[in-house]
Amino acid sequence: MLEVAQPQGSTSQPPKNTVIRLPSCWDQTFLTNVTFLKVLLWLVLLGLFVELEFGLAYFVLSLFYWMYVGMRGPEEKKEGEKSAYSVFNPGCEAIQGTLTAEQLERELQLRPIVGR
């Protein structure tokens, strides 16, 4: 842990010790070790299934599993986070960077000139 003391000056409040917890190297190493072991286990099982002539089936089922695990459910959405699909946002509000048909027409100058 790292302790940071505020400098003493002409402030009316007494100095406070602020404790800032830095992420330990052990946490990062453990995460990378677990990930490495998972990949190693998957490769060993792939080799086993290749020997049993089920390598392609194992690979395809693994892809489906990774897609399933990688998807988030609606309950895991953070507060205030917008969906990439504007129909699911309040008021059908689009996220920043979305290309709309009106914007595309305007940029390609396909819109008729108003007043003609």
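UniProt, in an unreviewed entry, places the feature "transmembrane region" at residues 39-68. The model discussed here is predicted.

Colleague: Which pattern does the chain follow along the sequence?
Modeller: The chain has 3 helices and 2 strands. Read along the sequence, the pattern is β-β-α-α-α.

Colleague: Is Tyr-85 buried or exposed?
Modeller: Tyr-85 sits in the loop between α2 (55-70) and α3 (101-108). Its relative accessibility is 59%. The cut-off for exposed is over 50%. Therefore Tyr-85 counts as exposed.

Colleague: And Asn-89, buried or exposed?
Modeller: Asn-89 is also in the loop between α2 and α3. Its relative accessibility is 6%. Buried means under 20%, so Asn-89 counts as buried.

Colleague: Which residues is Asn-89 in contact with, leaving aside neighbours within four places in sequence?
Modeller: Contact here means heavy atoms within 4.5 Å. With those neighbours set aside, Asn-89 is in contact with Lys-82, Ser-83 and Ile-95.

Colleague: What distance separates the C-alpha atoms of Tyr-85 and Thr-98?
Modeller: Tyr-85 belongs to the loop between α2 and α3. Tyr-85 and Thr-98 are 13 residues apart along the chain. Their C-alpha atoms are separated by 9.6 Å.

Colleague: What share of the chain do buried residues make up?
Modeller: The chain has 116 residues. Asn-89 counts as buried. Buried residues make up 6% of the chain.

Technical notes. Residues numbered from 1 in each chain as written. Predicted model: local features only at pLDDT ≥ 70, side-chain atom pairs only at ≥ 80, totals over all residues. Heavy atoms only, no water. Helix = DSSP H or I, 4+ residues; strand = E, 2+ residues; numbered from the N terminus. Buried < 20%, exposed > 50% of the residue type's maximum accessible area, 1.4 Å probe, protein only. UniProt positions renumbered as here; feature names shortened; annotations may be inferred.
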